[in-house]
Amino acid sequence: MGDMRGISGKALGHQGNFYGAPLFVFRYNSTTSTGTSNTDTIFNGNAPFGFRILRAQFTLTEAAAADSEDVKLTDGTNDITDTADYSAGSDNDSFEFSSYNDAYSTILKGGTLKIVKTATTAVTSIDMLIYCVKT
């Protein structure tokens, strides 16, 4: 009998699969650090498949300006996450969102996903990791 290795085909399914579904990560490096607002578009009406956002975290890639700075995920219209304040962060500090709106955390095929940053002086560069499962 052959050696069984890796993930079974049954497990390569969707969120509702009895056997589970593999987790995947969208990574976005938001490098804009000028201006008081910045919207990074990951998908703009062109998500290649449906997925549910389970968790997201971000790491500062420079020190925050110590003013009012925050970030959130949206579906282009509605907030998926709460607004995370990172104004006291230093370079390489990591943050997570504390709440997710389950009414908007599922992005349908052809949907939109955006990172919205706002600040009083200038938005800080971040590296965002969004953990998802296919729906």
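## Salt bridges

D127 counts as buried, at 18% relative accessibility, because the cut-off for buried is under 20%. In this predicted model, the side chain of D127 meets that of R27 in a salt bridge, with 3.2 Å from N to O. D127 belongs to strand β9 (residues 126-134) and R27 to strand β1 (residues 23-30), so the bridge ties together parts that are 100 residues apart in sequence.

Another of them joins R55 and E96, whose closest N and O atoms are 3.3 Å apart. R55 lies in strand β3 (residues 51-60) and E96 in strand β6 (residues 94-96), so this pair ties together parts that are 41 residues apart in sequence. Both residues are partly exposed: R55 has a relative accessible area of 37%, and E96 has 44%. D79 and K72 also form a salt bridge, with 3.2 Å between the closest N and O atoms. D79 is partly exposed at 33% relative accessibility, and K72 is partly exposed at 22%.

## A buried lysine without a salt bridge

K117 is found in strand β8, which covers residues 113-119. K117 is buried but has no salt bridge.

What does the side chain of K117 contact instead? The side chains of K117 and S30 are joined by a polar contact of 2.7 Å. A polar atom of the K117 side chain also lies 2.8 Å from the backbone oxygen of T124.

## The sheet around β8

Strand β8 is part of an open sheet of 4 strands, in the order β2-β8-β4-β5, with antiparallel pairing. At the edges stand β2 (37-43) and β5 (84-85); each has a single partner strand, so one side of each is left without a neighbour in the sheet.

Strands of a sheet pair through backbone hydrogen bonds. Strand β4 (residues 69-74) runs antiparallel to β8, and 6 bridges join the two. Within this pairing, L73 stands opposite I115 in β8.

## Aromatic pairs

The count of aromatic pairs comes to 11. One of them is formed by F24 and F51, an edge-to-face pair with 6.4 Å from centre to centre and 75° between the planes. This pair links distant parts of the chain, with F24 in strand β1 and F51 in strand β3, 27 residues apart. F24 is partly exposed at 22% relative accessibility, whereas F51 is buried, with a relative accessible area of 0%. The rings of F58 and Y86 have their centres 5.6 Å apart and their planes at 75°, so this pair too is edge-to-face. F58 lies in strand β3 and Y86 in the loop between β5 and β6, so the pair ties together parts that are 28 residues apart in sequence. F58 is buried at 0% relative accessibility, and Y86 is buried with a relative accessible area of 0%.

F24 and F51 also belong to one aromatic cluster, which includes F26, F43 and F49. Over the ring of F49 sits the charged end of K134, 5.2 Å from the ring centre.

Terms used:
Residues numbered from 1 in each chain as written. Predicted model: local features only at pLDDT ≥ 70, side-chain atom pairs only at ≥ 80, totals over all residues. Heavy atoms only, no water. Buried < 20%, exposed > 50% of the residue type's maximum accessible area, 1.4 Å probe, protein only. Lys, Arg positive; Asp, Glu negative; His and termini not counted. Salt bridge = Lys/Arg side-chain N within 4 Å of Asp/Glu carboxyl O. Polar contact = N/O pair within 3.5 Å; in protein donor to acceptor, adjacent residues only side chain to side chain. Pairing = 2+ DSSP bridges. Phe/Tyr/Trp six-rings, centres within 6.5 Å; stacked < 30°, edge-to-face > 60°. Lys NZ or Arg CZ within 6 Å of the ring centre and 35° of its normal.
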